[in-house]
Amino acid sequence: MDVDPSKILIRYNVQKEKAQTPEELAAEQYPKTEPAKSVYRAIFEGEEDDVVEGLKKAIDAGANAIKLIDDMLMPGMKVVTDLYDEGIIFLPNVMMSADAMLAGIEFCKEKSGSAPTPKGKVVCHVAEGDVHDIGKTIVAALLRAAGYEVVDLGRDVPVDEVVAAVKAEKPMMITGTALMTTTMYAFKEINDRLLEAGIKVPFQCGGGAVNQDFVETYELGVYGEEAAHAPQMADMILAGKGLEQLKDNFHMH
Amino acid sequence: MTVKRYTEMAYTKADDMLFGNAKYPVKTKLGLEVGAGYVTAEVNYAPRPDTGQSKEKLVSEYRRLTTDIMARAVQIGFPSISLETEHVQQMTNNPTWGGEIAHVQKTIIEEYNEEYGIKCALRHTPGDIREERDYLALIGPKYDLLMESFEAVADGGADFLSIETMGGKEVLDYAILRNDMPGLIYSIGCLGSIDMTMIWQDIAKIAQKKGVIPAGDTDCSQANTAMFIAGGLLDKNLAHTLAIIARTISAARTLCGYEAGAKGPGKDCGYENTIVKSIAGVPIAQEGKSATCAHADVMGNLTMQCCDLWSNESVEYHGEFGGTSVQCWAQTLSMDAALMNVALNTGNGKLLRDMMMLSDRYRDPQGYILAYDNAWKVGNAIAKNGNDLYLRAKAAAAETVNLLNASKAEGKLQMSRFETNALADAEKAINALTDETDKFMSDMLAKYKSEIAVFKPEENYKF
Ligand code: B12
């Protein structure tokens with residue numbers, strides 16, 4: 001016995017696939033000139049050595065090592081994250097590209113002896129009592145890939161520790177992940193403690209157990225459904241958007 | 001307990017595998033036979049969050065939900081039922097809590113058994129508490145506490161002992177986000193198997209001492225992590241072709257429990273269980289379309305194909321229009337079971353099996369490989385290499401790639417370019433692997449010791 005699957009299901013992922021390959025789509029975004037083009041390609045391919053190789057050439061040709069971070073590494077990485085946001089490439093590609101880009105940043109820092117100013121700082125954590133940390137790891141990786149400095153507090157993080165880190169690090173945004181209905185209440189507590197201390201940092205919360213209704217019950221909370229929403233929200237904060245606008249944008253349900 | 005690796009298949013051909021039937025059924029003291037010709041519902045539940053604050057509140061929650069389930073089972077006329085209690089952490093960390101809850105549940109179940117003759121089972125699944133905040137602590141004081149918990153629930157009246165062990169998870173979490181094929185084989189197939197072989201000998205010993213059944217494990221912490229990261233058709237976090245390779249490797253790992261003394265029924269969320277059953281012949285629990293209260297996946301009907309217990313994975317205890325949540329799901333599951341039992345009793349078992357299998361076979365690469373005929377082939381590849389943990393995991397991965405590649409000729413399973421590219425990369429990585437176990441183990445040890453800060457091989461795997 002067998003069945004004609006087209007009569008009972010649709011593989012929408014196959015149906016929706018673009019005619020062009022991800023490689024072709026990425027190449028369309030590369031600059032025309034070398035060594036920038038090779039650096040972009042090396043980031044896309046996740047080849048650390050080739051990234052460093054290209055950077056070396058640029059520096060030998062007189063480029064400022066720190067400026068290369070903004071001029072080549074960040075835009076090269078943006079090609080990758082844009083393709084991920086559009087659903088054209090997969091997360092492991094982003095992870096490997098981010099590793100290659102970060103290797104490039106380290107190299108530029110070494111060469112110049114100075115540190116670049118990151119776009120902003122984000123504190124990430126998994127709720128107290130919860131060890132489900134893969135979603136958080138993805139969120140942190142995408143934030144780093146987008147050029148943000150991430151203070152990753154890890155998993156099962158006590159409320160006190162989150163509050164202390166926020167006071168010490170003064171981030172532009174906090175993320176929380178919870179996969180259990182029993183642990184997500186810690187977010188509310190963090191919210192209350194921050195407000196008590198007069199701190200009003202947007203607090204994006206996501207993870208399997210968390211839903212928009214719950215996040216709406218505390219002032220600083222913004223619901224984050226997919227990991228990609230974290231860098232998107234950070235970008236909006238950088239662009240001057242306030243809590244209400246963030247909620248407007250991310251509370252889609 | 002001695003460990004005996006499987007090198008032969010329990011089923012000589014895939015077509016002999018069928019729901020409600022296992023080569024080696026098990027029987028509880030309250031008369032429930034699993035795998036002996038009929039399917040039974042296994043109801044799973046979680047206490048409401050605020051009841052976790054004290055033992056009294058938890059005990060009362062489990063008393064109520066157990067009574068609810070049993071009452072519904074006799075109201076609708078179901079001949080048998082199994083209950084599974086997956087511990088919340090407090091119940092394992094305080095063995096007397098888990099023990100008392102098992103006792104309270106068993107007392108209720110026994111009353112119903114006595115009054116109505118309904119055949120019953122109670123499974124307890126302590127949480128794998130063997131970790132510190134930042135790293136796994138598989139061996140040491142937490143191990144001892146976990147064993148105490150098993151003793152306590154067995155004393156309390158649990159018929160089946162289960163657990164979802166986490167060995168290898170620290171490496172899997174790293175490898176899975178990097179499409180790292182050797183990492184999957186090492187974390188699931190080697191580290192996971194080493195840990196399971198250790199812990200299941202001890203669980204089997206406790207079960208023997210207490211006269212209960214050491215049931216089985218699931219690779220929830222690794223293969224299900226991969227399945228959830230892979231997500232639905234449109235998600236872009238992991239290719240489904242890689243998720244199914246993680247799954248087939250996990251069959252070689254979950255098998256270790258039975259090699260160390262477990263008898264089944266295997267745990268519901270082990271989607272690798274059809275493969276495991278083909279090799280070990282043990283009864284299995286499965287979940288699928290009637291576990292949508294707990295999660296979404298792409299193979300809701302197919303997983304019924306060879307199940308012996310049919311589960312809803314987990315539902316929070318609360319009210320619904322149709323009764324409490326556990327009553328609703330107990331009824332849904334039992335109705336599914338009734339349909340399967342009609343098929344068995346009218347000689348239509350294999351027909352229904354094939355209909356359920358075909359509804360998901362071409363939905364996704366995961367369903368394609370877990371379809372019982374392909375699952376059997378993967379099982380055969382594992383058994384042929386049964387004596388070597390690394391080689392059998394590698395064989396499972398290689399056979400999965402072969403089957404998916406071969407499917408292209410038939411053209412019924414459509415794969416996206418992402419999925420075929422990931423498959424081609426996986427194939428390359430598998431072909432490049434050594435056949436020497438010692439070399440693989442030492443290479444991987446060196447690699448992940450330097451790349452993963454939380455990997456503590458000496459403490460956790462006695463390397
Ligand atoms: C893998 C898994 C595990 C692994 C975790 C491995 C790890 N390193 O994370 C292990 C085996 C350790 C585990 C343990 C347990 N688990 Co578990 N686990 C799961 C499982 C199967 C998948 C979770 C997962 O990784 N999903 C994939 C990731 C990528 O998804 P995600 O985190 O949600 O992230 C995505 C989005 O939500 C978003 N996101 C996440 N965070 C944020 C933040 C921001 C700011 C933004 C924008 C987005 C965002 O980004 C991601 C991608 O887009 C779920 C099943 C399910 N239905 O979810 C159960 C599940 C979460 N576990 C559950 C349970 C009960 C447990 C245990 C208690 C079991 C036990 N008895 O011991 C323990 C808990 C221990 C503890 N104290 O935490 C229950 C929770 C039920 C509840 N109470 O709510 C679930 C739902 C299973 C079930 N149906 O019963 N588990």
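Helices and strands are taken here as DSSP runs, of at least four residues (H or I) and at least two residues (E) respectively, numbered from the N terminus. On this basis, F19(B) falls in the segment before β1 of chain B. The model described is a predicted one. F19(B) counts as buried because its relative accessibility, 0%, falls under the 20% limit. F19(B) and L445(B) are separated by 426 residues in sequence, and their C-alpha atoms lie 41 Å apart in space.

Chain B contains an open sheet of seven strands, arranged in the order β7-β6-β5-β4-β3-β9-β8 with parallel pairing. The edges are formed by β7 (213-216) and β8 (285-287) of chain B; each has a single partner strand, so one side of each is left without a neighbour in the sheet. On average, and with direction ignored, neighbouring strands of this sheet are turned by 30° against each other. Within the sheet, strand β3 (residues 40-45) and strand β9 (residues 309-311) of chain B are paired in the parallel sense over three bridges. In this pair, E42(B) stands opposite S311(B) of β9(B). Helix α3 (residues 95-116) of chain B packs on the sheet, where it touches β3, β4 (80-86) and β5 (119-125) of chain B. The direction of this helix makes about 170° with that of β5(B).

E259(B) is located in helix α8, which spans residues 240-259 of chain B. With a relative accessible area of 2%, E259(B) is buried. The side chain of E259(B) reaches the backbone nitrogen of Y6(B) at a distance of 2.8 Å. When residues up to four places away in sequence are not counted, E259(B) touches T2(B), V3(B), K4(B), R5(B), Y6(B) and R392(B).

The loop between α8 and α9 of chain B contains P265(B). A cis peptide bond joins this proline to G264(B), with omega at about 0°. Helix α9 (residues 273-280) of chain B is mostly covered, eight of its eight residues being buried. The buried residues of α9(B) are N273(B), T274(B), I275(B), V276(B), K277(B), S278(B), I279(B) and A280(B). Their cover includes β1 (21-27), α8, β8, α12 (365-370) and α13 (372-384) of chain B. Thus α8(B), in which E259(B) is placed, is among the elements that cover α9(B), as is the edge strand β8(B). After α9(B) comes G281(B), whose phi is positive, near 70°.

Positive phi values also occur in chain B at residues other than glycine. N179(B) has a phi of about 50° although it is not a glycine. This residue is placed in the loop between α5 (169-175) and α6 (181-210) of chain B. N179(B) is partly exposed, its relative accessible area being 31%. K462(B), likewise a residue other than glycine, has a positive phi near 55°. K462(B) belongs to the segment after α17 (457-461) of chain B. K462(B) counts as exposed, since its relative accessibility of 60% is over the 50% limit.

In chain A, a cis peptide bond is found between E34(A) and P35(A), with omega of about 5°. P35(A) lies in the loop between α2 (22-29) and α3 (36-45) of that chain. H132(A) is located in the loop between β1 (121-126) and α7 (134-145) of chain A.

The two chains meet through 38 residues of chain B, which are in contact with 41 residues of chain A. The size of an interface is often given as the accessible area lost when the parts come together. Between chain B and chain A, the buried area is about 3400 Å², and carbon and sulfur atoms give 57% of this area. On the side of chain B, the residues that lose the most area to chain A are R133(B), L177(B) and R417(B), which together account for 23% of what that side buries.

Key
Residues numbered from 1 in each chain as written. Chains lettered and ligands numbered in written order. Predicted model: local features only at pLDDT ≥ 70, side-chain atom pairs only at ≥ 80, totals over all residues. Heavy atoms only, no water. Buried < 20%, exposed > 50% of the residue type's maximum accessible area, 1.4 Å probe, protein only. Polar contact = N/O pair within 3.5 Å; in protein donor to acceptor, adjacent residues only side chain to side chain. Contact = heavy atoms within 4.5 Å. Pairing = 2+ DSSP bridges. Axes fitted to C-alpha atoms, helices over the stretch in contact; angles between N-to-C directions. Buried area = accessible area lost by both parts, 1.4 Å probe.
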